[in-house]
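I opened this notebook to record what I looked up in a structure that is new to me. The entries follow the order of my reading.

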Amino acid sequence: MKLRKVTALLLAGIMALSLAACGKTDGKTDEPAASKEEVKTEDTASDEPAKLEGKLVIWTLAEDLKAFADKFMEKNPGVEVETVVIAPADYPTKLTAALRGKAKEPDIIVGEPQMLPDFFEAGFFEDLSQEPYGAEQYKDLIVDYIYEAGRDSEGKVRALSYQATPGGIYYRRDIAQKIWGNEDPAFVSEKFKDYNTIAATAVEVKNAGYRIFGDTGNLRWFPNGGGAWVQDNKLVLSQDRLDYMDAAVKLYQDKLVAFSPEWSAAWYASMSGPIPVNAEWAAAEDLEGLGGDKTEVFAYALPSWGSLIVRDNAGDNAGSFGVASGPCSFFGGGTFVGISSHSERKELAWEFVKFTTLDEETAKWWTDVSKGDIVSMKSVLESVKDVENETYGKQKTYAYFLNEAQNIDYSLITRYDTQIGNYWGAAIEAVQKGDKTKEQAIDEFYTNVQSIYPELEITK
Amino acid sequence: MRIPGNLGTRRRKNVNNTGYLFVLPFVIIFLIFSIYPVIRTLYLSFTQYKGYGEPVLIGIDNYKRVIKDAMFWRALLNTLKIWSVNIVVQLGLAFLLTIIFSDLKYRMKGVGIFRALFYLPNLIAPASVAFLFAALLDWQFGTLNQILIDAKVVKVGIDWLGQPGTAQLAVAIIGAWMWFGNSFIMLMAGVQGISKDYFEAAAIDGAGRWKVFGSITLPLLKPILLYVAITSLIGGLQIFDIPFLITDGIGKPNGSLNTAVMYLYNTAFNYNNVGYASSIAYFLFIIIAIASGIEYKIMYHKKED
C-alpha cells in the first residue's frame with residue numbers, strides 16, 4: 001500500500017516537473033533588455049566608446065556572419081558571440097518554432113528578402129525604428145532597396161543588411177567581339193534590353209556557334225520587367241511577362257541554350273571552356289565522354305555574388321568577361337540582420353547589428369576580406385567604384401553594381417512573388433515541353449494562383 | 001468480522017487502480033500527442049491562422065473554400081490516379097505470389113526467406129527510395145533508359161519523370177514495389193489461417209487451381225483482404241513522401257504529382273495558411289472515411305444478402 005502511494009506520488013511529481021519544464025518558455029520575455037541580463041558597459045574616458053560585455057547568440061543562414069562575429073569579438077574582448085549556421089531550407093522552420101515558443105535565444109536573427117515579410121508579420125524582428133535604436137536616421141547610409149527590404153508593411157525598420165546583391169549579365173567579351181565586332185558593356189546591354197531582343201540575340205549567338213545561356217532558367221532573374229506581380233491586390237500578367245514566356249519557350253524549343261543548368265558540373269565547366277550540348281546534370285568526370293556537339297556559353301545572368309563564381313571558375317578565360325545589364329535591374333538573395341523581439345540582450349544585439357550593417361570601417365574590412373562582395377554602404381561603394389576588375393576586362397564592376405543597386409525598384413517585390421513565380425515557371429515548362437498550349441498553361445496558372453491566394457483578384 | 005466476499009471485491013478494485021497507474025504514461029502521451037493535435041486541428045480548421053499570431057474564427061469558410069478549390073480537387077484526382085494503379089499492381093503481385101507460395105502442389109520451400117526479401121523494399125527510407133528511382137529513371141543517364149536503348153526498344157531515352165502520365169505511373173509502381181511485400185505477408189498469413197482440410201477436400205473432389213482459389217481461398221481471405229484494401233486506401237490517399245521528394249515540391253511535371261497531402265503541406269508551410277490546411281486535413285479524413293465505408297460495403301455485400 002505504502003509502495004503504491006510512494007509510486008503514485010513519484011509519478012505525479014515527475015509529471016508536474018515535466019509540465020513545468022514545458023511551460024517554462026511561456027513566461028513573459030518581452031521585457032526590454034535593460035531589465036535582465038543586459039549588456040554591461042564600463043564608462044571609460046568620455047570621448048571613448050563604452051566597453052561592451054556580455055554574450056550574444058546568432059542564428060544565421062550565411063557563413064559570413066561567423067566572420068563578422070569574430071571581428072566583433074576582436075574589437076570587443078568582453079563579448080562572447082555564439083554563431084549557429086542553419087541551412088537556408090531549414091531556417092524558417094527552426095526560427096518559427098523557437099520564436100513561437102518565445103525563446104530568449106537567439107538574440108540576432110537573419111532572413112533572406114523573400115522570408116522577411118512573414119517574419120516581420122509574425123513579430124519575430126524587433127522594431128528598430130523605435131528608440132533607443134532609431135534606425136531611420138541611417139537611411140541615407142545604405143543603398144535604398146536594402147533599406148526598403150528591411151521595412152515591414154507599416155514602414156518600420158526591422159532588419160538591415162551588410163550586403164547588396166544587384167545582378168548583372170556576365171558575358172564573354174571575346175565572343176561578343178567575334179559575333180558583333182563590339183564587346184562594350186553598353187552595346188551588349190542593348191542585346192539584352194528586353195525579352196524579345198534576348199530571343200533574337202540568342203539566335204545570333206547560336207548561328208555563330210555558341211549558346212546565349214547555360215539554360216533558360218537564366219531568364220528568371222529578370223522577373224519584374226513587366227511590373228509587380230500583384231498591384232492593388234490584383235494579379236497582373238503584363239505583356240512583358242507574356243514576352244518572357246515566349247522568349248523562354250523559344251530558347252528551349254529552338255535549342256538556343258546549352259542545356260547545362262545553373263550549378264551543374266557542365267555549367268561551371270562552361271566558364272573556362274567548351275562543354276557538350278545537353279550535358280544537363282552529368283558529373284564533371286563524365287563530361288569528356290559525353291560526345292555530341294560542343295559549344296561555349298556566352299553569358300550568365302546572376303546576382304553580384306555570381307560575379308565571384310564566374311571569376312573563380314573562369315580559368316584561362318579570366319580577363320575575357322564583362323558585365324552588362326538586362327531587361328531590368330534585379331537583385332538576388334542577401335542576408336538581412338535583426339534582433340529577436342524576445343531577446344533579453346537587445347542593447348548588445350543592437351551594437352552588433354550596427355557594427356555589421358552601419359559601420360563604415362566594417363564595410364571596408366568586409367569588402368577586402370570577401371574579395372569582391374558588394375556592401376550596402378554607399379560611401380564604401382563610392383570609395384571603390386574606380387577599382388578595375390581584372391577578371392572582367394578591367395571593367396569598373398563596383399561602379400556598375402552601385403548603379404544597378406540604385407536602380408532597383410523594391411516596390412515591385414511582393415510577398416506573393418515566390419509562389420506565383422513557382423507556378424509561372426511550371427506554366428512555362430508545360431509550354432516548353434509541349435504538354436500544354438500557351439492559353440491552357442496560362443489558364444491553369446490563374447487557377448493555381450487563385451487556389452493558393454483566394455484573396456487576390458484575378459481577371460482571366 | 002470480515003466477509004470474504006468483500007475482501008475479494010476490495011482486492012479486485014485495488015488491482016484495477018494499479019492498472020490505471022500503469023496505463024497512465026501512455027494515456028498522457030496519447031492525449032498530448034494524438035488527441036490534442038486532432039482537436040486543435042479541428043479548431044484551427046474553423047479559423048484563419050497563418051501559423052503565427054492569433055487564430056481568428058471564420059466559421060465554415062475554409063470548408064466552403066475546399067469544395068470550390070480547383071487545385072485541391074486536381075490534387076485529389078492525381079492521388080486517386082496514382083493509388084488506383086498502385087493498388088492493382090501491389091495487390092495483383094501479392095496475390096500472384098500468395099497463390100504460388102500457398103499452392104500445395106508446388107510445395108514451395110524457403111517461404112520465410114522470400115517473405116523477408118519481398119518485405120525489404122519497405123524497410124528502405126522513402127528518401128533513399130526517391131533518390132534511387134530518380135537516378136534509375138533519369139531521362140538521360142537513367143539505368144532504365146540505358147537498358148531500353150541498348151535493347152533497341154527506344155532510340156531516345158524516355159523522360160519518365162518529366163511527363164505527367166509516366167511520372168504518375170512511376171510513382172504508382174514505386175509505391176507498389178515498396179508495399180507488395182507487406183500485402184504478401186498479410187495474405188499469406190490469411191491463407192495459412194485457412195484449414196488445410198478445405199484444400200485437401202477440394203483436391204479429392206478434383207477441383208482445379210483456379211476453382212480452389214475462387215471458391216475457397218478468396219472467400220475465406222475476405223477479412224484480410226478488407227484490412228489490406230482499407231489500409232492501402234488510407235495510405236494511398238495520404239501519399240506524400242515519394243512524390244514530394246521526386247519533384248520540385250509543387251508536383252512537377254505540370255502539377256501531375258501534386259497529391260492531396262502535398263497540397264495540404266504546402267498550404268500550411270509554404271502558403272502560410274494553417275487554418276485552411278487544417279480544413280483540408282479534415283476534408284480528406286471525411287473522404288477517406290466514406291471511401292473505407294464504401295469499400296467495406298462492397299466486400300461484404302454478398303454476405304449481407
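Predicted model: local features only at pLDDT ≥ 70, side-chain atom pairs only at ≥ 80, totals over all residues.

Entry 1, a loop proline. I started with A:P106, which is found in the loop between α3 and β4 (108-111) of chain A. Helices here are DSSP runs of H or I with at least four residues, strands are runs of E with at least two, and both are numbered from the N terminus. I looked up the peptide bond from A:E105 to A:P106, and it is cis, with omega near 5 degrees. I found A:P132 in the loop between α4 and α5 (144-149) of chain A.

A:E280 is not a glycine, yet its phi is positive, about 50 degrees. This residue lies in the loop between β9 (275-276) and β10 (294-295) of chain A. I noted for reference that most residues other than glycine have a negative phi, and most peptide bonds are trans.

Residues are numbered from 1 along each chain as its sequence is written, and chains are lettered from A and ligands numbered from 1 in the order in which they are written. The model scores ipTM 0.72 and pTM 0.79. For chain B I noted a mean pLDDT (the predictor's confidence in each residue, from 0 to 100) of 86, with 92% of its residues at 70 or more. Over residues 1-5 of chain B, pLDDT stays under 50, and the model has 1 contact beyond four places in sequence for them. A contact means that the C-beta atoms of two residues, placed from the backbone, lie within 7 Å.

Strands count as paired if DSSP finds at least two bridges between them. Strand β6 (residues 167-172) of chain A is joined to β12(A) by 4 bridges. A:Y170 stands opposite A:V323 in β12(A).

How far apart are the axes of α9(A) and α16(A)? They lie 9 Å apart, and helix α9 (residues 239-253) of chain A packs on α16(A) at an angle of about 40 degrees. Axes are lines fitted to C-alpha atoms, for helices over the stretch in contact, and angles run from 0 to 180 degrees between N-to-C directions. That makes α9(A) oblique to α16(A). Angles under 35 degrees count as roughly parallel, over 145 as roughly antiparallel, 65 to 115 as roughly perpendicular and the rest as oblique. A:M245, A:A248, A:V249, A:Y252 and A:Q253 in α9(A) meet A:I428, A:V431 and A:Q432 in α16(A).

The axes of helix α12 (residues 260-269) and helix α13 (residues 274-299) of chain B come within 7 Å and cross at roughly 160 degrees. That makes α12(B) roughly antiparallel to α13(B).

Entry 7, between the chains. The contact takes 21 residues from chain A and 22 residues from chain B.
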